[in-house]
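Here is a short briefing for a first look at this structure. Keep the 3D view open while reading.

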Amino acid sequence: VLVLVLSLAWLGLAVGGEEEDGEVVAEEEEEGDDEVLSDELKEEDGVLVLHEHNFARALSEHQLLLVEFYAPWCGHCQRLAPAFAQAAAALRDESSPARLGKVDATAQTALASEFGITSYPTLKLFRDGNRTHPLAYTGHMDAKGIVRWMERRAGPSATLLQDADTAAAFVGSQDVVVVGFFKDLESEAAQVFYEVAGEVVDMTFGVAEAAEVFEAYGLSADTVCLFKKFDEGRTDFPVDPARGLDAAELTQLLRVHRLELVMEFTNETSDHIFGAKIPHHMLLFLNKSSSGQLALRDGFRAAAGTFRGKVLFVVVDVAGYGADVLPFFGLTPADAPTLRLVKMENNRKYQMDQDVFSDTAIRTFVQGVLDGKVKPRLLSAEPPEDWDTRPVKVLVGKTFEQVAYDETKNVFVKFYAPWCSHCQAMAAAWEELGKRYKDREDIVIAELDATANELENITIHGFPTLHYFPAGPGRKMVEYKSNRDVETFSKFLENGGTLPEEPPAVPKTPENSTGREEPSPLGTAESRDEL
C-alpha cells in the first residue's frame with residue numbers, strides 16, 4: 001500500500017487521510033445518554049475517550065493534549081486508530097507530559113461545532129488548558145510521526161550549543177543537522193527559527209550564540225547552517241538584517257537542501273522526495289544489477305546541480321523498490337534505461353525523442369521542459385473492441401476528445417481508479433445510469449480509467465471525479481459535486497447539467513457520498529490536498 005501511495009504522488013493525486021463531512025451522519029443523542037456521562041476520564045487502548053462532559057477536565061489535567069476528532073464510519077479514522085494507540089503508549093512509556101485523546105465528532109456535535117470540525121480525522125493540539133486556540137496537527141499520520149511531533153512540542157525545539165566542542169559533537173551526531181547561529185537568542189529571527197524547528201520534526205535542530213561557536217564555523221553574522229555528511233557538506237542561509245527570516249521560505253530551503261543532489265527512490269527516502277515539494281522530478285529508470293546502466297548515473301548527477309530546487313533528480317531501480325511505480329509511467333523493466341520528467345502540479349510527463357544520457361543532453365532536455373519548448377507525452381490505453389456498444393462507454397486517452405467534445409451529445413464521464421473504494425461503491429449506480437440512457441441519442445454515459453490515461457487539458461486530483469460535457473460549441477465542462485445515486489444523476493442530466501433547487505436529502509447510509517477517495521492516511525497532514 002505504501003508503494004502505491006508514494007507512486008501516486010507522481011500521479012498528482014491527493015494523498016492523505018481526510019473524509020469530508022458533507023452530510024448528516026449522526027442523529028442527536030438521546031437524553032438518557034447525557035444523564036450517564038460524567039467528567040470521569042476513561043481510556044481505550046491508552047487513548048482518553050473525551051466528550052463534552054469531561055473535555056474541560058482533560059484540558060486542565062494535561063499540559064499537552066492531542067485530540068483526534070473522528071467518525072466511526074470513516075475508513076481513514078479506522079486505519080489511523082492502531083497508530084494513534086501505539087503513539088499514546090510510546091509517549092506514556094517515555095513519561096512524556098503529552099497525552100492523546102479522541103472525540104466521536106458525530107456524537108459530540110457541540111464539540112465538533114466549537115472546534116470547526118468538517119473532515120475526518122482532524123487532529124488538534126491543546127496546550128496548557130487553552131481551549132480557544134488549538135494548534136492544527138501537521139505531522140505524519142503514523143505512530144512514529146505522531147510521537148516525533150509531540151516530543152518536539154513537549155521539549156525545546158532546538159538544542160542549545162554552549163561551546164565549540166558541544167557544537168562539533170552535535171554536528172557530527174547525525175547525517176543531517178541544522179544549526180541556527182544568532183547573536184541574540186531572543187531576537188525575532190531566532191524566534192522564527194524556533195518556530196521552524198518545532199514544525200520540521202524529521203530534522204534535528206541546534207542553536208548557538210556564543211562567540212567561540214561563531215568563530216569555530218567562520219561566521220560573523222546571524223546564519224542558519226545545514227550540515228550534512230554528503231554532497232557539499234554544508235549549506236549556509238545568511239539572515240537578511242532587513243528582512244529577517246521567513247518561516248515558510250526557510251522550511252522549504254531546508255527540505256530542498258537536506259536531500260542528496262541525486263536521490264534514489266527507496267522506502268526510506270520516499271517521504272523526503274515528495275515532502276520537499278520540488279515542482280519537477282527528473283527520473284532515471286535503470287536496473288541496478290547492470291553495471292552498464294549504473295554508469296549512467298554519472299552524467300545524470302553532473303546535470304543535476306544546475307537545477308537544484310527547481311528539479312529533483314531521482315534514480316528508480318526497475319528491479320527493486322521502484323518496480324511497482326512503472327505502470328504509472330507506462331513502463332516495464334525492459335524499458336530501462338530511460339528518462340522521464342514529471343511536472344508535479346499536473347502530473348504531466350515528458351520524455352526525450354530518443355534517450356541520450358550525457359549531462360549536456362539531459363541539461364538541454366530539462367531546460368527545454370522548463371521553458372515550455374517540450375510537449376508532454378500522454379498515456380493512453382487501447383480501447384476495448386466493444387467500447388462504444390456498452391451502456392457505459394469506455395473511453396481512453398486517444399478516444400476522449402472525439403466523444404467528450406461531440407457537439408451533438410451531452411456526455412457525462414466518470415474518471416476513476418480501479419483500486420478506489422468510492423469508485424467501486426458507485427459502480428452499480430453508474431452502470432444503471434448507463435442502461436437508463438443507452439437509447440438516448442443526445443446523452444452519453446462514459447467512464448475513463450485516469451490511472452492509465454492522461455488528457456492534455458484536464459487534470460484529475462481525486463477519485464471518482466465526475467465531469468459533464470454539454471452539447472454545443474465551446475468545449476465546456478461542468479464538474480458534478482452532488483450525491484452519487486441514479487436519481488440525482490438523472491435529475492442533473494434532465495436539467496441540462498445542473499440540479500434543480502430543492503432541500504438537500506438526508507442520506508440513508510453513513511457513507512460519505514460526496515467525498516473523494518484518498519488512497520491512504522499515510523503522508524503528511526498538510527499534503528492531504530495534493531498524493
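Start at Asp-231, which sits in the loop between strand 12 (223-228) and strand 13 (234-238). Its phi is near 50 degrees, a positive value in a residue other than glycine. The model is predicted. Its mean pLDDT is 87.

**Confidence**

- Of the protein's residues, 88% reach a pLDDT of 70 or more.
- Residues 1-8 have pLDDT below 50. Beyond near neighbours in sequence, that stretch has 26 contacts in the model.
- Residues 11-35 also have pLDDT below 50. For this stretch the model has 83 contacts beyond near neighbours in sequence.
- Where pLDDT is low, predicted coordinates should not be read in detail.

- Most residues other than glycine have a negative phi.
- Asp-45 has a positive phi, near 55 degrees, and is not a glycine.
- The loop that holds Asp-45 lies between strand 2 (42-44) and strand 3 (47-50).
- Is Asp-45 buried or exposed? Asp-45 counts as exposed, because its relative accessibility is 68%, over the 50% cut-off.
- Asp-231 counts as partly exposed, because its relative accessibility is 30%. That value falls between the 20% and 50% cut-offs.

**Cis peptide bonds**

- Most peptide bonds are trans.
- Tyr-120 and Pro-121 are joined by a cis peptide bond, with omega about -15 degrees.
- Pro-121 belongs to the loop between strand 6 (119-120) and strand 7 (122-127).
- Phe-463 and Pro-464 are also linked by a cis peptide bond, with omega near -15 degrees.
- Where is Pro-464 found? Look in the loop between strand 21 (443-449) and strand 22 (465-469).

- Strands of a sheet pair through backbone hydrogen bonds, either parallel or antiparallel.
- How do strand 19 and strand 21 pair, in the parallel or the antiparallel sense? Their pairing is parallel, over three bridges.
- Val-394 has Glu-447 of strand 21 as its bridge partner.

**Helices across the sheet**

**A helix pair**

- Helix 4 (residues 75-93) and helix 6 (residues 143-154) have axes that come within 8 Å. These axes cross at roughly 45 degrees, so helix 4 is oblique to helix 6.
- The crossing of helix 4 and helix 6 is right-handed.
- Which residues of helix 4 make the contact? They are Leu-80, Ala-83, Phe-84, Gln-86, Ala-87, Ala-90 and Leu-91.
- On helix 6, the contact is made by Ala-143, Ile-146, Val-147, Met-150 and Glu-151.

Definitions and conventions. Residues numbered from 1 in each chain as written. Predicted model: local features only at pLDDT ≥ 70, side-chain atom pairs only at ≥ 80, totals over all residues. Heavy atoms only, no water. Helix = DSSP H or I, 4+ residues; strand = E, 2+ residues; numbered from the N terminus. Buried < 20%, exposed > 50% of the residue type's maximum accessible area, 1.4 Å probe, protein only. Pairing = 2+ DSSP bridges. pLDDT = per-residue confidence, 0-100. Contact = heavy atoms within 4.5 Å. Axes fitted to C-alpha atoms, helices over the stretch in contact; angles between N-to-C directions. Parallel < 35°, antiparallel > 145°, perpendicular 65-115°, else oblique. Left-handed = near helix turned anticlockwise from the far one by under 90°.
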